[in-house]
Amino acid sequence: MESADLSITALLLTALIAMAPALAQPLELVATIEMPGVKGRIDHFAVDLKGQRLFMAALGNDTVEVLDVAGNRHLRSLRGFKEPQGLAYLPQANRLFVANGEGGRLDIVDGGSLSVLKRIDGLDDADNVRFDAAAGTIIVGYGKGALRFLNPGTGASMGDIRLTGHPESFQLELGGERVFVNVPTAHQIAVADRAKRQVVATWPVSRAGRNFPMALDEDGRRLFVGAREPALLLVYDIDGGKVVTTVPIGGDTDDLFFDRERKRLYVICGEGRVDVLRQESADHYAVEASIKTAPRARTGLFVSELNKLFVAAPLERSSSAHVLVYQAK
């Protein structure tokens with residue numbers, strides 16, 4: 001081979017090596033959805049798959065934002081809320097449930113007209129919302145320590161589970177009756193029986209503090225808890241209630257998701273990155289990538305049906321509020 005050919009080959013190899021990290025990224029930024037006029041902190045999301053809509057709780061703006069995920073565009077702002085935090089969408093009823101932290105209530109919104117049908121009061125600091133499909137109930141974390149069970153049609157109370165502190169993220173066991181609840185002020189995870197409406201165990205969070213986000217790998221029998229002080233992912237065995245491993249993560253996390261198909265965790269960190277962790281086995285996790293996002297972007301939603309991760313970026317001096325859309329590879 002002539003020297004010129006060798007030089008060209010070397011240049012091509014150098015270029016390919018330089019491109020390799022980018023080609024290997026587990027998340028690809030495919031769109032940015034601008035949200036002009038949205039100010040302040042952004043909290044949690046819900047998705048309407050049939051309608052191709054994403055709902056976002058713009059807590060600091062007192063609005064719920066509606067996004068078109070097919071066209072990657074902002075549709076409208078829904079007003080009349082007070083610090084919306086948690087959202088849940090029920091496709092069968094075409095209803096959106098909005099927890100208002102400052103308003104101390106849960107609003108039921110018609111998915112067609114997007115108007116409020118009913119407001120359920122008496123839920124101080126209403127926060128995360130989940131739908132228990134097996135039992136047909138809406139569950140709201142609220143107050144100084146409780147989960148409220150509600151009839152999704154009437155809004156009538158179906159009982160509470162009392163906790164020792166305000167509940168943050170909680171996850172429902174699909175193959176059983178348990179609900180796992182982050183209770184950061186008590187430095188614990190409360191494990192409750194949904195049918196009996198009572199706490200059956202508490203697992204200490206002793207290696208870190210401010211445990212806010214949570215995800216569940218029920219098949220692998222693992223519960224993932226994001227902590228901020230220090231910034232760690234704690235992995236619990238859901239059968240024994242023990243921490244099996246910890247992994248350092250970025251700071252200020254508020255949402256994390258388990259990608260069952262790819263055996264990955266997406267940890268959204270407010271310091272401006274998403275940490276992607278690969279599950280090599282139930283007890284071993286490797287950092288696959290750290291994807292740059294935006295300052296204070298700490299909430300989002302992974303929609304497995306779309307293979308997309310949505311990350312909320314609040315208003316900054318240099319940019320309007322927006323949602324970053326990543327395709328999982």
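This is a predicted model: local features need pLDDT of at least 70, side-chain atom pairs count only at pLDDT 80 or more; totals for chains, interfaces and linings use all residues.
As a bit of background, nonpolar side chains tend to be buried together in soluble globular proteins.

Let's zoom in on L27. Leaving out residues up to four places away in sequence, L27 touches Y266, V274, V276, I291, L309, Y326, Q327, A328 and K329.

Now look at L301, which sits in strand β26. Is L301 buried or exposed? Buried, because its relative accessibility is 14% and the cut-off for buried is under 20%. Again skipping residues up to four places away in sequence, its contacts include F45, A46, V47, L54 and F257, and also K308, L309 and F310. Between L301 and F97 there are 204 residues in sequence, yet their C-alpha atoms are 16 Å apart in space.

On to the rings. There are six aromatic pairs in the structure. To describe a pair like that, you give the distance of the centres and the angle of the planes. Take Y266 and F302: the ring centres are 5.1 Å apart and the planes are at 50°, so we call this pair tilted. Y266 belongs to strand β23 (residues 264–269) and F302 to strand β26 (residues 299–303), so the pair ties together parts that are 36 residues apart in sequence. Y266 is buried, at a relative accessible area of 0%, and F302 counts as buried too, at 11%. Elsewhere, F180, W203 and Y236 make up one aromatic cluster.

The charged end of R197 sits over the ring of F149, 3.9 Å from the centre. Then there's R228, over the face of F212 at 4.1 Å from the ring centre.

Next, a sheet. Strands of a sheet pair through backbone hydrogen bonds, parallel or antiparallel. Here we have an open sheet of four strands, ordered β18-β19-β20-β21, and the pairing is antiparallel. Which strands are at the edges? Those are β18 (214–217) and β21 (243–248), each pairing on one side only. From one strand to the next, the twist averages 20°. β20 and β21 are joined by five bridges, and L234 has T246 in β21 as its bridge partner.

Last stop, some backbone details. The peptide bond from E229 to P230 is cis, with omega near -10°, and P230 is in the loop between β19 (222–228) and β20 (231–237). Two residues have a positive phi although neither is a glycine: Q52 at about 55° and L114 at about 60°. Q52 is in the loop between β2 (45–48) and β3 (53–58), and it's partly exposed, at 26%. L114 is in the loop between β8 (105–110) and β9 (116–121), and at 14% relative accessibility it counts as buried.

Key. Residues are numbered from 1 along each chain as its sequence is written. Side-chain values use heavy atoms; hydrogens and water are left out. Rings of Phe, Tyr and Trp (its six-membered ring) pair if their centres lie within 6.5 Å; planes under 30 degrees apart count as stacked, over 60 as edge-to-face and the rest as tilted. Helices (H or I, at least four residues) and strands (E, at least two) are DSSP runs, numbered from the N terminus. Buried means under 20% relative accessible area, exposed over 50%, partly exposed in between (1.4 Å probe, protein chains only). A charge sits over a ring if NZ of Lys or CZ of Arg is within 6 Å of the ring centre and within 35 degrees of the ring normal. Contact means heavy atoms within 4.5 Å. Two strands pair if DSSP finds at least two bridges between them. Axes are lines fitted to C-alpha atoms, for helices over the stretch in contact, and angles run from 0 to 180 degrees between N-to-C directions.
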